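Please open the structure in your viewer and keep the sequence beside it.

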Amino acid sequence: MGSDAKPHFHPRGWKRFCRLRKDGHSVAALGFNCEAASINRFSSRYRLARAFKSVELDFYAPKTAEGYSALFRLFLTWSAFEQFLVVISREQKDLDSLMLEYDATALLSAVRKADTNDAFCDFLNSKVNKSHQQRLADYRNGKLHNPTYFASAVRHIFAHGHLGAYADDARPAQIKRVSHLLCDFLMRVMDGEFSRHVRVAISRVSSASTTSRLS
């Protein structure tokens, strides 16, 4: 990469999607059940989350600043993921099978290892609504297959001011590690699924073009 080159951090398939749009294909023709603006918002939020490095804080201990940076990263990542669900026309409650395709079991195992004494989970459980409490109970019992609920629990209580770099017995290192694990997983899902949707769109356009030539 040259010195003047700048990374764009868009999801895989984005350039091909843009080429299809420039060629005159509507988002509906490409198989998306949303407006073009929704896809553009997703790309912008994904790019921001991907490009985020850290927050810069005066007079904070490095470990505390790292904990806050991880939480802000998760906040941005979840914002992208919410828009991503609009793009793929899915709801959070219907993601179990998709999450398993991306090895959610391994992710949740890593989260348990990072949250060594369950202190972070305990804190989340004390602050979230009943729906999320049920999901956290499933997590404790090894029955949770959709880790996006763990991510949304962290995002919600952070956004509403209940969560900081320290959370009762949970230390910044725990919060940092769990947050980054969730972020990396969500980014991988978004990247992989958007790429898949674009591949399907290319096949759709190619098939339509072939049919048009033969008719």
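The model on display is a predicted one. Ser195 belongs to helix H9, which covers residues 172–214. Apart from its neighbours within four places in sequence, Ser195 is in contact with Arg12 and Arg16.

**The whole protein**

The C-alpha trace spans about 70 × 45 × 25 Å along its principal axes. Of the 215 residues, 44% are buried. Among contacts with a separation of 6 or more, 78% are between residues 24 or more positions apart.

**Salt bridges**

Side chains of opposite charge can pair when their charged atoms come close. The structure holds eight salt bridges, and several of them can be visited in turn.

Select Asp191 and Arg12. Their side chains meet in a salt bridge, at 2.6 Å from N to O. Asp191 lies in helix H9 and Arg12 in the segment before H1, so this pair ties together parts 179 residues apart in sequence. Asp191 is buried, with a relative accessible area of 14%, whereas Arg12 is partly exposed at 46%.

Next, select Arg73 and Asp184, whose closest N and O atoms are 2.7 Å apart in a salt bridge. This pair also links distant parts of the chain, with Arg73 in helix H3 (residues 62–87) and Asp184 in helix H9, 111 residues apart. Arg73 is buried, with a relative accessible area of 16%; Asp184 is partly exposed, at 42% relative accessibility.

Then select Glu193 and Arg196, which form a salt bridge with closest N and O atoms 3.3 Å apart. Both residues are in helix H9, and being three residues apart, they are separated by about one helical turn. Glu193 is buried, at 3% relative accessible area, while Arg196 is partly exposed, at 32%.

**A positive patch on the surface**

Which residues gather in a patch of positive charge on the surface? Select Lys15, Arg16, Arg19 and Arg199 to display them. Helix H1 (residues 14–22) gives the most to this patch, with three residues. Lys15 is found in helix H1 and is exposed, with a relative accessible area of 62%. In the protein as a whole there are 32 positive and 21 negative side chains, and the centres of the two sets lie 6 Å apart.

Notes:
Residues numbered from 1 in each chain as written. Predicted model: local features only at pLDDT ≥ 70, side-chain atom pairs only at ≥ 80, totals over all residues. Heavy atoms only, no water. Patch = residues over 30% accessible without salt bridge, like charges linked within 9 Å, V, L, I, M, F, W, Y side chains within 5 Å. Areas by Shrake-Rupley, 256 points an atom, 1.4 Å probe, with all protein chains shown as cover. Salt bridge = Lys/Arg side-chain N within 4 Å of Asp/Glu carboxyl O. Lys, Arg positive; Asp, Glu negative; His and termini not counted. Charge placed at Lys NZ, Arg CZ, Asp CG, Glu CD. Helix = DSSP H or I, 4+ residues; strand = E, 2+ residues; numbered from the N terminus. Buried < 20%, exposed > 50% of the residue type's maximum accessible area, 1.4 Å probe, protein only. Contact = heavy atoms within 4.5 Å.
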